[in-house]
Amino acid sequence: MAQIFAYIAHKGGVVDDSAAELAVAARKIDAAAEVTAIVTGSGGDVDKACEGAAKLYAQVWKFNHADLAYPNAEIVRKLLTDVLPKDGIVLIPHDTFGMDLAPGLAIKLDSAYAPDVVGIDGMDGAVMKVVRQEFAGMAHAHVTCDTAAGAVLTLRPGSFQPENGAVSGSVTDKSGDIGDITAKRRFLEVVEAETGDVDITKADVLVSVGRGIEDQDNIGIAEELAEAMGAVVSCSRPIVDAKWLEKSRQVGTSGKTVKPKVYMALGISGSFQHLGGLKGSPFIVAVNKNPKAPIFQVADVGIVEDILEFMPALTEKLS
Amino acid sequence: MEILVCVKRVPDTAENEIEIKGDGTDIERDDLVYSVNEWDNYATEEAIQIRDNVGGSVTVVTVGDDEAEEVLRRQMAMGADKGILLSDDAFEGSDGRGIATILKAIVKKGSYDLILTGAQADDGAAQVGGMLAAMLDLPYASLVNKVDVGSGKTIKVGREIEGGNQEMSEIELPCVLSIQTGINEPRYVGIRGIRKVASVEIPTHGAGDLGLSADSVGTGAARVKRVDYFTPEMGAGAEILEGSIEEKIDKLIELLKAKGGLK
């Protein structure tokens with residue numbers, strides 16, 4: 001059985017939630033497998049992250065280097081290509097860093113690549129059967145991945161429920177194995193998102209619009225409804241891409257994380273990136289003319305209507 | 001600057017309800033509206049803007065069948081200078097690595113300073129750009145939402161990271177960038193624009209022209225394969241309100257009052 005490795009994402013030494021999820025995914029591949037956590041970083045951060053990882057993994061490999069202080073995918077890829085066996089199974093979170101790292105790593109390790117995995121059905125010999133989503137979450141697919149020559153998988157955050165029970169793993173300092181990690185891409189800085197005129201993260205009720213709003217001129221319809229409800233207008237990504245609302249109003253992993261009591265998802269299909277920005281179990285009302293929209297799977301109440309008819313009718317009834 | 005943009009023709013998920021065929025082998029494709037992958041459209045726009053600023057040319061390339069030519073013409077109507085179609089029965093069933101292998105072959109036939117792809121497409125895999133870069137040993141950045149091209153051998157790029165923050169890096173040319181939506185505002189293409197490029201010759205290359213052996217691409221080479229589409233067993237899902245629009249509104253107002261959604 002192949003060895004399994006898990007790349008541990010951390011920020012300032014605090015281990016990301018994905019670390020526990022990867023540990024669960026590894027057990028779904030092989031309950032008896034030897035799983036090694038890979039922690040890269042610099043100074044005190046990497047030590048702290050190793051401590052966190054050792055509560056989840058029996059073995060932790062530490063890579064400490066000044067150039068690893070900020071996770072630059074090209075540098076981490078070079079490191080992992082050097083230190084990992086070619087026939088291993090490498091688990092990486094499907095976040096913005098994982099998406100930057102994993103496809104190239106799969107090529108350099110000459111391994112199969114299964115991206116954005118949401119479920120693992122198990123192994124049949126060297127063939128792993130996993131679940132993915134296509135068409136913006138509108139179709140699920142069983143996918144086989146031939147791991148005979150190794151495999152890299154990225155796992156969608158939130159898809160694997162972490163289990164209780166801590167281990168006390170041992171940390172091995174592998175920093176001496178770090179070879180040439182010079183890169184043609186150099187990290188400069190992180191530019192923090194601008195704060196807008198309203199703070200949607202503080203709102204109790206959000207009237208959130210997506211593609212179903214169809215036109216910039218219709219934003220006013222949502223604003224009128226929000227006013228009638230005493231709510232704040234937020235939106236999904238396509239509305240910001242179209243520049244119809246400011247970035248500071250976007251809910252999702254690439255926008256704001258919100259914790260309202262009530263979330264009105266209006267003309268929003270419900271991609272996982274959008275839902276990733278919704279925390280604290282709000283009461284979700286979904287209005288969408290497509291009865292198959294994934295949002296109806298997570299909403300508490302669903303209404304199959306065109307929001308451009310529904311919103312004005314609701315506003316009128318409320319005023 | 002010589003720029004290559006890799007694009008894909010996909011079912012338009014904003015325009016279609018995706019239905020799975022009864023036997024799970026595919027989605028129902030008969031009445032699907034196809035278009036250029038949304039992310040690719042931003043990549044093409046970015047390439048055109050860079051060319052207009054610093055000079056050079058924009059070539060769009062796709063791997064697909066004859067119908068894929070329409071997306072090349074659409075991107076040429078936007079302002080791309082050339083289109084290349086990579087088409088061969090041997091390419092069918094390629095996984096991400098197979099597609100990247102085919103694209104690598106066409107990159108090697110040219111001389112490009114910048115290669116752009118969309119950040120992801122219909123399969124949500126977000127893989128081809130990163131694979132292509134690794135195969136070519138070129139630096140790479142994904143989820144790019146800003147490109148600053150100066151006169152030097154490096155460019156500045158912004159990547160969209162969690163929380164709406166932007167990670168700025170300096171990257172050496174030539175490089176591969178996967179473009180995120182929202183980086184620009186892709187120009188509108190009218191029917192007249194498409195007509196203008198309707199008769200432009202689009203060269204087609206097959207496996208032989210590209211020097212690709214049949215066992216390096218297609219189903220045979222694929223290590224990752226879709227077995228079937230299926231509808232997962234979900235939880236209860238939403239309580240769907242029925243009745244006339246007025247009845248739905250009355251019921252909703254009741255629920256909202258109970259949940260603190262009305263002030």
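In strand 16 of chain A, Met264(A) is the bridge partner of Val207(A). The model is a predicted one, in which local features need pLDDT of at least 70, side-chain atom pairs count only at pLDDT 80 or more, and totals for chains, interfaces and linings use all residues. Residues are numbered from 1 along each chain as its sequence is written, while chains are lettered from A and ligands numbered from 1 in the order in which they are written.

Strand 14 (residues 205-209) and strand 16 (residues 262-266) of chain A pair in the parallel sense over 5 bridges. Helices (H or I, at least four residues) and strands (E, at least two) are DSSP runs, numbered from the N terminus, and two strands pair if DSSP finds at least two bridges between them.

Which strands make up the open sheet with parallel pairing, and in what order? There are 6 strands, in the order 15(A)-14(A)-16(A)-17(A)-18(A)-13(B). At the edges stand strand 15 (232-235) of chain A and strand 13 of chain B, each pairing on one side only.

Helix 5 (residues 219-229) of chain A packs on this sheet and touches strand 14, strand 15 and strand 16 of chain A. The direction of helix 5 makes about 170 degrees with that of strand 14 of chain A. For such angles, axes are lines fitted to C-alpha atoms, for helices over the stretch in contact, and the values run from 0 to 180 degrees between N-to-C directions. Helix 7 of chain B also packs on the sheet, touching strand 16, strand 17 (283-287) and strand 18 (301-303) of chain A. Its direction makes about 155 degrees with that of strand 18 of chain A.

Strand 8 and strand 9 (residues 127-134) of chain A are antiparallel partners over 5 bridges, and Met123(A) stands opposite Met128(A) in strand 9. Across the chain boundary, strand 10 (residues 139-146) of chain A and strand 12 of chain B run antiparallel, joined by 6 bridges. There, His142(A) stands opposite Asp228(B) of strand 12.

Now the contact between the chains as a whole. Here 70 residues of chain B are in contact with 73 residues of chain A, contact being defined as C-beta atoms, placed from the backbone, within 7 Å. Helix 7 of chain B gives the largest share of the side of chain B that touches chain A, with 8 residues. By class, that side has 34 nonpolar, 17 polar and 19 charged residues. In this count Ala, Val, Leu, Ile, Met, Phe, Trp, Tyr, Cys and Pro are nonpolar, Asp, Glu, Lys and Arg are charged, and the others, Gly among them, are polar.

Chain B itself has 7 helices and 13 strands. Of its 263 residues, 48% are buried, that is, 20 or more other C-beta atoms lie within 10 Å of their own; 12 or fewer would be exposed, anything in between partly exposed, with C-beta atoms placed from the backbone. Strand 4 (residues 57-63) of chain B is mostly covered, 6 of its 7 residues being buried. Strand 4 pairs in the parallel sense with strand 1 (residues 2-7) of chain B over 6 bridges, and with strand 5 (residues 82-86) of chain B over 5 bridges. In the former pair Glu2(B) has Ser57(B) as its bridge partner; in the latter, Thr59(B) has Lys82(B).

Finally, Val189(B) lies in the loop between strand 10 (175-179) and helix 5 (191-196) of chain B. Val189(B) counts as partly exposed because it has 18 C-beta neighbours inside 10 Å. Leaving aside its neighbours within four places in sequence, Val189(B) is in contact with Arg74(B), Ala77(B), Met78(B) and Ile194(B).

Key: Two residues are in contact if their C-beta atoms, placed from the backbone, lie within 7 Å.
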